[in-house]
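Trainee: I would like to learn how to read this model. Please take me through it one feature at a time.

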Amino acid sequence: MDTATGSFFEEDYLVRSLGRIAHDPEVALTELVANAWDAGASLVDITVPSVGHTALVVQDDGHGMSPLQFKGRWMRLGYDRIKHQGVQVEFPPDRAAWRRKAYGRNGVGRHGLLCFADQYSVETWREGKGAGFEIGTQSSETPFKITKESSFLRQGTGTRLSVVVERHLPDADRIREILSARFLHDPQFVVRVNGQSVSLADQSGLIERMPLNIPGCPEAEAFVVDSTRAAKSTIYQGVAFWVNGRLVGSPSWVVGSEAVIDGRARFAKRYSIVVKTEDGWTGEVEADWARFKAGPRSEALFEAVRQYAQEVFGKLSANLVEENSEEALIRHREDFKGLSQLGRIEVASFARELVRANPTVHPDTLSAAVQALINLEKSRGGAGLLEKLTKLDDTDIEGLDRLLSQWTVRDALSVLDEIDHRLAVVTAIEKLCGDPATDELHTLHPLVTQARWLFGPEFDSSEYASNVSLRTATAKIFGKRVATTAFSNSRQRPDIVVLGDATCSVVGTESFDSANSNLMRIQDVLIIELKTGRSAIGREEMNQADGYIQDFLGSGALDGTPTFRAFVVGYEIAPKTSRDKEIKEEGVLRGKVMATTYGQLTRSAHQRLFRLKERIPARYEDVSGADLSARVMQTATQAQLSLGEVSPNQAEKP
């Protein structure tokens, strides 16, 4: 007895063997549109339902098929399109003069409807006759089969595919966008999704085109596109390979197995490269158009594209140097502003050179590098180092020794330079504060603004700010007392308000409120009211400053709950005037008003600065180079006379 039996198939065999076509609706519909192209269609209408278990339809006006052709082409596994139909597309009689090369080769794309369900319907017509077929995969004897067949009469040509969506429901807008990017523009091929035409991609924004020389391979040409100049944005970035007018896979900055550029870099997001080839490369493409086949030709193409991409980066990077550098510095604007002029120049130059040397550097990497250098400049600059000293208590000798032991000679000299500068400011304040003719607005206030450290080390930091809410509150409060024209340098910080017998400035420090919103909040507010030369501070002046704080607290214009410190500064303090007042809300200290004289401020500054100036040099006297520098500076020099001023008699003297 003959016991031989044939092979059997699992019901989902075909679905499992189709790869992405059976699981990705974007790939499935791309393949079905490509089939319509190969059928000589001029119009493809796709109906995408908004909910599942309703019909998705793909209809074209291509050449259609007779029942015999349908069974011989559609129902044949591994159908070889080139063998049976050639590379040229067959068109309906009314478009017989058109010319088009086909995409398909093995007929895999026609199974795209299996992405949405295990059965679907096909209606196709030509020469006045039509045939309908129900296709299913529920058979163990064959991967798919015709479960029902019908006929009808219909003029024209075309094919209508229909499937009730049971899985992988696509999004109509997304499909429209995908198809726009996957097919080059051809005015003889129109695709509509839910009645809306797909705007097929063009090459606007083109800035360069270049033939690629690939020995022993068909021709290829590269196009560089600037997305900022393109007529429409693209959902893709990277290198896009087009073979015979169709996209291979998805554009990416990974070419072959190597990354040409970090796709997160700003350069990568702005530019893209389109590589176009003709049908000579079709045989190098996988059947599903997802990638190129591995082989010497494909690798030669990839290597040529990678080399060209590097050349393009070199030519275009100069355009992005200033733009990228500026963006990185702006991200750290406040810290950057707090540097010395030399420090700012050094950081800006560093950012520019880093981008020039690495045009594809990611913005986050560049930002981190800039922040690190800013921090280094802040820590090595005299003001930054001195800020650390001023935060130490006068009695903390151990802390001072520990800090000084970490400094280099350059650090120490930077601090000494900063101390000398501050002493000069203090001396100027001393000389001017006792003169009744001194203009505190244009003379004293600028000096005191430079010496915010007199009122607390926290206000010596580059973190101080006069932000929007603080400026708004200041204008609101002082606007009650003075005309708006009384605000001087309103675009600068700190704002200066001109009062009847004084000037007043308001600055603050900011910090992150991590407990609530992680947003910047005002932390401390410093109010400095400078009285006119030789003025006395009395109860009225103290009460007035108290009123400023009360008004700020009640304004509702400030972010957070800052602490206020108001200093009323004058030549002297009137008898029986309290030198400080506290402002509390429900037992919580919210502010303090302090009266002080210019003399008190400058004496405290001198004492502190001179003590530091005496301690620092002693630690570095034995450092190599310090003795040589000291000897050079102590050597007396004789001014040289101009030869034109020397008389003959003087020249004869020994």
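**Reading the model**

Trainee: How many helices and strands does the protein have?

Mentor: Helices (H or I, at least four residues) and strands (E, at least two) are DSSP runs, numbered from the N terminus. Here the protein has 19 helices and 25 strands. Residues are numbered from 1 along each chain as its sequence is written. This is a predicted model, where local features need pLDDT of at least 70, side-chain atom pairs count only at pLDDT 80 or more, and totals for chains, interfaces and linings use all residues, while side-chain values use heavy atoms, with hydrogens and water left out.

Trainee: Where is confidence lowest, and where is it highest?

Mentor: pLDDT is the predictor's confidence in each residue, from 0 to 100. The mean for the protein is 75, and 66% of its residues reach 70 or more. Strand E17 (residues 487-488) has the lowest confidence, with a mean of 42, and strand E2 (residues 55-60) the highest, at 97. Residues 637-654 have pLDDT below 50, and this stretch makes 3 contacts in the model beyond near neighbours in sequence; a contact means heavy atoms within 4.5 Å.

Trainee: Which strands does E6 pair with?

Mentor: Two strands pair if DSSP finds at least two bridges between them. E6 pairs with E2 in the antiparallel sense over 6 bridges, and Asp 60 has Thr 159 in E6 as its bridge partner. Strand E3 (residues 119-126) also runs antiparallel to E6, joined by 5 bridges. Ser 121 is opposite Ser 162 of E6.

Trainee: How many residues of strand E6 are buried?

Mentor: Buried means under 20% relative accessible area, exposed over 50%, and partly exposed in between (1.4 Å probe, protein chains only). In strand E6 (residues 158-164), 5 of the 7 residues are buried. Across the protein, buried residues make up 46% of the 654 residues.

Trainee: Why does Arg 590 count as buried?

Mentor: Arg 590 counts as buried because its relative accessibility is 13%. Arg 590 belongs to strand E25 (residues 588-597). Leaving aside residues up to four places away in sequence, Arg 590 touches several residues, including Leu 553, Phe 564 and Ile 583.

Trainee: What does the side chain of Arg 590 make a polar contact with?

Mentor: A polar contact is a pair of N or O atoms within 3.5 Å; within protein, one must be able to donate a hydrogen and the other to accept it, and residues adjacent in sequence count only if both atoms are side-chain atoms. The side chain of Arg 590 makes one with the side chain of Glu 585, at 2.8 Å. A polar atom of the Arg 590 side chain also lies 3.3 Å from the backbone oxygen of Pro 562.
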